Structures are given as C-alpha cells and as structure tokens.
Amino acid sequence: MTTFASLPTAVVTALSGRRRPASQAPRQPLSIRHLAAHVLTGVLTASWLAAGPFAPLGPLSVASEPSSTKPEASSPEHKPVPRSQITATFSIVAVDPATGVCGAAVASKYPAVGKVVPIAVGGVGAFCTQHYHVPKWRQQAIDLLRDKTRPEEVLARLLKDDPQPEQRQLAIIDAQGRTAVHNPTQAPADSRYWGAMTGRDYCCQGNTLAGREVVVEMARAFEETRGTLADRLMAALAAGDRVGGDHRGRLAAGLRVAKPGQDGDWLALDVDKSDDAVEELVQRYNALRHDAKGPGPIPPRAAGTDAR
C-alpha cells in the first residue's frame with residue numbers, strides 16, 4: 001500500500017499545505033521551468049491518488065486559508081473575486097486523436113458555466129479555466145497549442161506572472177492526447193474537495209466537489225462508454241453529477257465539441273439555469289440530431305439513485 005510517508009518530498013510538501021515562515025524572504029516570481037515542474041508535480045500527485053488505495057485529502061490537500069498574495073490593481077482579472085463569481089465546478093477535456101475532434105464538458109452552481117469555462121478547437125485541443133477563472137486565458141491557451149507548445153508549458157506560461165496561481169484550476173489537452181492540470185492548492189475550505197484525474201486522451205477535474213468519487217466516476221464513464229467523443233463527454237459529466245458533483249447544488253452545464261476544418265464549435269449545448277442542469281443537458285443531447293453524436297442515447301439517471 002502506498003503511504004503518505006512513501007511519497008516524494010515535493011509531493012508531501014504540496015499535499016501538506018506547509019506555509020513559508022514569516023521570517024523568510026518573500027517568494028520570488030517562479031521561472032517557467034519551475035512552474036512547469038510544479039504543474040508536473042500536480043499531475044503526478046493526481047495520478048498517485050487515482051491509483052488508490054487513497055488517503056483522505058481533507059486538510060492535507062490545501063492550505064487552511066486563501067493565498068495571502070496581493071493582486072495587482074492594474075489587472076482586472078487579478079482583483080479579489082467575490083465568492084459568487086468564483087467558477088467552482090467540475091469539468092472534463094478530451095480528444096479523439098484519430099479524427100482530431102476535441103471537446104469539453106462542464107457543470108457548476110455558477111450560471112451559464114458553459115460560456116465562461118471551456119474552449120475546444122478541432123485539431124488543436126481543449127482547455128478549461130475554473131475556480132478563480134480567467135476567461136481570456138482560453139484563447140491564449142489555444143494559440144499556444146497551435147504553436148506546438150506542450151500542454152505543461154502552456155500552463156506554466158499562463159501562470160508565470162499570475163499573483164494568485166494557487167487559486168486557479170486549469171486543465172489542458174492537445175490533439176495528440178497530451179494533458180496537464182494545475183490545481184488550486186490554496187483554495188478556501190468551502191472549495192474542497194478538489195482534485196483531478198488523467199487518462200488516455202482525457203483529463204477530468206473539479207473543485208467544490210462532493211468528494212473524490214466525482215472525478216473517479218467521470219474517468220470511469222469516459223473510459224467505458226462506447227460512442228463518439230461527444231457521447232463519452234456527456235456520459236462522463238452525467239456520471240460525476242450523479243455521485244454528488246458540485247456540493248453546493250446544481251445550476252448550469254455545457255458541452256463543447258469541435259472538429260478540424262470548421263471554425264468555432266461543431267456542437268455547443270448549454271443549460272444556463274436549472275435545478276437539474278446536467279440531467280436537462282442529457283435530455284437535450286439525446287433529443288438532438290447531430291453528426292457529433294453516436295447512435296445510442298446517454299442513459300437517464302435511474303430513479304432513486306441520485307446522490308443528493
């Protein structure tokens with residue numbers, strides 16, 4: 001059994017949330033190389049957790065209070081974010097390397113979440129920015145992927161001059177299926193549970209979750225579902241929601257699928273406000289006639305199986 005004591009020192013430090021003593025000099029801005037290593041540590045940590053058996057992440061996963069780094073007044077997206085405007089959410093990014101089809105799916109208590117968190121471009125990749133989200137990073141991430149920048153390097157560049165990197169949750173995948181994820185290691189207590197899980201051609205992640213089963217079930221559903229990429233994304237989102245999803249409740253959900261040779265989204269489907277947003281999105285998806293879909297429907301939630 002893997003134990004906490006057997007983890008590499010860098011991972012133990014990240015999990016334990018140890019803070020720099022006040023007597024030490026302020027932390028200097030990290031280089032791209034150091035940030036890339038930080039992102040890689042997050043991926044390795046998520047993979048260790050996914051391998052199980054698990055040790056509870058509770059207080060070991062995040063610091064007990066938000067980052068004390070002061071934002072830059074000249075940059076609007078770096079100003080303190082009201083809790084009502086934090087995109088606490090769960091999502092999945094995925095690709096089909098054989099066809100170049102790329103996509104993402106997301107759900108949250110945040111309204112119209114599908115319009116602010118994900119982006120997907122056929123033949124390029126997909127990206128999600130959540131928790132203390134920065135919507136303009138979506139296009140920047142895609143542009144960097146277009147320039148053949150590796151996913152971990154994309155995240156390192158986005159976070160390099162960011163004064164609140166430990167409040168961001170980012171996930172990215174390129175058209176080859178290479179992934180990187182950055183978790184909000186100093187997220188406040190009501191943003192827990194947070195975590196991520198990567199696998200072949202996908203990465204699923206979330207914060208403010210009911211528990212680790214949300215990302216685990218999303219990964220399982222994506223891997224086991226037979227059908228198109230859109231089918232597998234919808235199945236993963238539904239699976240995460242049905243084991244608890246966002247612990248605050250349900251409000252919005254969205255799906256984005258893109259294919260090479262077509263500008264913009266090939267398929268965009270949203271539920272911006274609903275008491276049962278993911279199930280409503282499943283119903284709309286099943287009723288839709290679209291080439292992105294496979295022949296079979298996504299099964300509805302079985303009666304009496306809702307985790308809420």
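Before we look at the model, let me define a pocket: on a 1 Å grid over the protein atoms alone, it is an open set of points where a 1.4 Å probe fits, with protein on both sides within 12 Å along at least five of seven lines, and its lining residues have an atom within 4 Å of a point. What we have here is a predicted model, in which local features need pLDDT of at least 70 and side-chain atom pairs count only at pLDDT 80 or more, while totals for chains, interfaces and linings use all residues. Residues are numbered from 1 along each chain as its sequence is written, and side-chain values use heavy atoms, with hydrogens and water left out.

With that in place, which residues line the second largest pocket? They are Gly123, Val124, Leu145, Arg146, Lys148, Thr149, Asp174, Ala175, Gln176 and Arg178. Sorted by class, this lining holds 3 nonpolar, 3 polar and 4 charged residues, where Ala, Val, Leu, Ile, Met, Phe, Trp, Tyr, Cys and Pro count as nonpolar, Asp, Glu, Lys and Arg as charged, and the others, Gly among them, as polar.

Let me turn to the core, meaning a set of buried Ala, Val, Leu, Ile, Met, Phe, Trp, Tyr and Cys residues joined through side-chain atoms within 4.5 Å; buried stands for under 20% relative accessible area, exposed for over 50%, and partly exposed for what lies in between, with a 1.4 Å probe and protein chains only. The largest nonpolar core has 38 residues, and those touching the most other members are Ile92, Cys204, Leu233, Leu237, Leu255, Val257 and Tyr285. Its largest share, 8 residues, comes from H7; helices, labelled H or I and at least four residues long, and strands, labelled E and at least two, are DSSP runs numbered from the N terminus. If we leave aside neighbours within four places in sequence, isoleucine 92 is in contact (heavy atoms within 4.5 Å) with several residues, including Tyr202, Cys204, Met218, Phe222 and Leu233.

Next come the salt bridges, each a side-chain nitrogen of Lys or Arg within 4 Å of a carboxyl oxygen of Asp or Glu, of which a search of the whole structure finds 19. In helix H5, which covers residues 151-159, arginine 157 and glutamate 153 sit 4 residues apart, about one turn of the helix, and the closest N and O atoms of this bridged pair are 3.5 Å apart. Both partners are partly exposed, arginine 157 at 43% relative accessible area and glutamate 153 at 22%.

How far apart are the closest N and O atoms of glutamate 279 and arginine 301? In that salt bridge the distance is 3.9 Å, and the pair links distant parts of the chain, with glutamate 279 in helix H8 (residues 277-287) and arginine 301 in the segment after H8, 22 residues apart. Glutamate 279 is buried at 6% relative accessible area, whereas arginine 301 counts as partly exposed at 22%. These two also belong to a network of salt bridges that links Asp241, Arg242, Arg250, Asp276, Glu279 and Arg301.

I will end with the backbone. Histidine 131, found in strand E4 (residues 125-131), has a positive phi of about 65° although it is not a glycine, and this residue counts as buried at 0% relative accessibility. Aspartate 201, in the loop between E7 and E8, likewise has a positive phi, about 70°, and is buried at 16%. Finally, the peptide bond from arginine 192 to tyrosine 193 is cis, with omega near 0°.
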